[in-house]
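Subject: The structure I mentioned

Hello,

Here is the structure I promised to pass on to you. Please have a look at it first, and then read on for what turned up in it.

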Amino acid sequence: MNSARSIDAFETEFADPFGGATRNALHGAARRSSSGPPVPGEVGVWVFVLGDMIVFSVFFGVFAYSRSSQVEVFEQARTTLNLCLGATNTLLLLTGSLFVALAVHAVRANADRPAARLIALALLCGTAFVANKAIEYHSEVSTGHTPGTNDFYMYYFVFTGIHLLHLLLGLVVLTIMWRLVRRRVATLKDHATLESGAIYWHLVDLLWIILFPLLYLAR
């Protein structure tokens with residue numbers, strides 16, 4: 001009987017010479033890994049954000065290079081932009097991003113109704129941005145400033161136009177988020193969808209934060 005127990009003990013020690021410490025350490029590490037902060041949203045949206053930022057970085061580099069060879073033209077054209085409208089659009093997007101961030105926080109706290117109101121406010125900010133940009137475009141064109149005027153205005157209309165397309169898509173994303181929250185965010189997939197939408201909207205905000213000083217302020 002004692003011999004059998006000795007053989008069993010020997011086999012256990014041979015399988016794990018540290019008396020179970022190895023298994024416990026591995027299990028503890030696994031638990032710590034699984035309990036770490038998860039990356040918000042879907043991996044695909046982060047890949048898109050990275051790709052979009054790379055493309056816009058190239059755009060900004062081309063703009064800076066062109067500006068360095070036509071400093072007077074770019075500076076004179078910059079002063080014709082409506083700084084007040086540009087600053088207002090910046091404030092609208094920053095406020096909209098704040099509302100979206102608060103909405104995601106509210107959903108995580110199981111407060112879906114306040115989250116829906118916050119997303120609706122973000123939609124209102126985005127819509128106001130579009131209306132404000134339309135007024136600005138009309139003002140520029142009516143005074144004879146078009147993409148064919150000079151290189152500055154060519155870049156201005158192309159860059160802000162691409163950004164506006166991003167924002168219009170962002171309004172669609174916010175609408176989907178609003179409908180999802182109204183229906184109730186119940187599953188992990190729903191949470192990931194909501195977070196992915198928020199990430200995209202923050203991208204729209206970030207691009208404008210770079211565009212605003214580049215076009216309206218840089219001297």
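A word on terms before anything else: a helix here is a DSSP run of H or I that covers at least four residues, and helices are numbered from the N terminus. By that numbering, Phe-60 sits in helix 3. Please keep in mind that this is a predicted model.

**The overall picture**

Of its 219 residues, 39% count as buried. Take the contacts between residues at least 6 apart in sequence: 79% of them join residues at least 24 apart.

Phe-60 is buried, with a relative accessible area of 13%. Apart from neighbours within four places in sequence, Phe-60 is in contact with Ile-210, Leu-211 and Leu-214. Phe-60 and Ile-210 are 150 residues apart in sequence, while their C-alpha atoms are 9.1 Å apart in space.

**A histidine in helix 7**

Now turn to His-166, which lies in helix 7, residues 151-183. Is His-166 buried or exposed? Its relative accessible area is 12%, and buried means under 20%, so His-166 is buried. With neighbours within four places in sequence left aside, His-166 is in contact with Asp-52, Phe-56, Tyr-200, Val-204 and Leu-207.

**Aromatic rings**

The count of aromatic pairs comes to 21. One of them joins Phe-59 and Phe-159: their ring centres are 5.6 Å apart and their planes are at 15°, so the pair is stacked. Phe-59 lies in helix 3 and Phe-159 in helix 7, so this pair ties together parts that are 100 residues apart in sequence. Phe-59 is partly exposed at 25% relative accessible area, whereas Phe-159 counts as buried at 3%. Both belong to one aromatic cluster, whose members also include Phe-56, Phe-60, Phe-63, Phe-74, Tyr-137 and Tyr-156.

**The nonpolar core**

In soluble globular proteins, nonpolar side chains tend to be buried together. Here the largest nonpolar core has 54 residues. Those with the most contacts inside this core are Phe-63, Phe-152, Tyr-156, Met-177, Val-181, Leu-194 and Leu-215. Helix 3, helix 4 (71-78), helix 5 (83-108), helix 6 (112-142), helix 7 and helix 8 each supply at least two residues of it. As for Leu-215, not counting residues up to four places away in sequence, this leucine touches Phe-63, Arg-78, Leu-81, Phe-152, Tyr-156 and Thr-160.

Asn-110 lies in the loop between helix 5 and helix 6. Its phi is near 65°, a positive value in a residue other than glycine. Asn-110 is exposed, with a relative accessible area of 60%. Pro-114, in contrast, is in helix 6 and counts as partly exposed at 32% relative accessibility. The C-alpha atoms of Pro-114 and Ala-103 are separated by 7.3 Å, and the two residues are 11 apart along the chain.

How values were computed
Residues numbered from 1 in each chain as written. Predicted model: local features only at pLDDT ≥ 70, side-chain atom pairs only at ≥ 80, totals over all residues. Heavy atoms only, no water. Buried < 20%, exposed > 50% of the residue type's maximum accessible area, 1.4 Å probe, protein only. Contact = heavy atoms within 4.5 Å. Phe/Tyr/Trp six-rings, centres within 6.5 Å; stacked < 30°, edge-to-face > 60°. Core = buried A, V, L, I, M, F, W, Y, C linked by side-chain atoms within 4.5 Å.
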